[in-house]
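Open the model in your viewer and keep the selection panel at hand. We will go stop by stop.

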Amino acid sequence: MPSRSSTARPPLWAPVEIIALLDDRYGRAPQRASHDPLFELVLTLLSQHTSDHNSGQAMHRLVERFPHWDDVLAVPVSEVEDAIRPGGLAPTKSKRLQELLAEVRRRAPDWDLEHLRALPLDDAKTWLTSLPGVGPKTAACVLLFALERPALPVDTHVERVSKRLGLVPPKMPADKAHAALEAQLEPGDVYAFHVDLIQHGRRTCHARKPLCEGCVLEPRCPRVGVL
Ligand code: SF4
């Protein structure tokens, strides 16, 4: 049998094929709006560099101590820091949170971000990413999870698996990968692609020692034999 290197290169998987295979492999819950968009924005900020468990605890303590967003802005930053301490990096995140909320209140005094649902997608992204401390991943989380808009958050799993599958170049920065991957997806497939690639990254395509043997994407994965 000829070696893999001497045969024609197999075609890459198309995103729609990847979704079908990973859905089949892991299953996937249907999309449902998660939270109010501002709640999602704050939760996403708190979730940076920590586990879902820790950020959930920090969020719980924050809303328990400060029932209204105005309350977060009415106290010294040290009180916010104390409330969100379980989420880690509390000194940095508390300052960022107050800066973020101050700007949101300036632009949307009623704290309502529902208008982002009706804006063209690029305008909604621009509105969010022009807030202090909000990058493309955080903006996409708010748009996708809270507002069910087709914006793709590219987290570490989505980035790693997409690069291994050849969907984006290996050295493309994550902030550019958002647009490059979104352009390959039908709007109705964005949520599925995000959830499926996270599952695959966590369960099979690990950062170190991916379980290529038995991976459903192995037949046309360009990284087999390279890793
Ligand atoms: S074959 Fe290996 S590198 Fe390719 S997607 Fe599967 S686990 Fe990841």
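**Stop one: helix α7**

Select Asp122, Asp123 and Thr126: these exposed residues sit on the face of α7 turned away from its buried side. Keep in mind that this is a predicted model.

Now extend the selection to the whole of helix α7, residues 121–129. Which of its residues are buried? Pick out Ala124, Lys125 and Leu128. Look down the axis of α7: the buried residues fall within an arc of 100 degrees, so they line one face of the helix.

Next, show α8, residues 136–146. This helix is part of what covers the buried residues of α7.

**Stop two: Tyr191**

Move on to helix α11, which spans residues 190–203 and holds Tyr191. Is Tyr191 buried or exposed? Tyr191 counts as buried, because it has 22 C-beta neighbours inside 10 Å, and 20 or more is the cut-off for a buried residue.

What does Tyr191 touch, leaving aside its neighbours within four places in sequence? Select Gln31 and Leu144, which are both in contact with Tyr191. Then set a C-alpha to C-alpha distance from Tyr191 to Leu144: expect 7.1 Å in space, across 47 residues in sequence.

Notes:
Residues numbered from 1 in each chain as written. Predicted model: local features only at pLDDT ≥ 70, side-chain atom pairs only at ≥ 80, totals over all residues. Buried ≥ 20, exposed ≤ 12 C-beta atoms within 10 Å, placed from the backbone. Helix = DSSP H or I, 4+ residues; strand = E, 2+ residues; numbered from the N terminus. Arc of directions from axis to C-beta. Contact = placed C-beta atoms within 7 Å.
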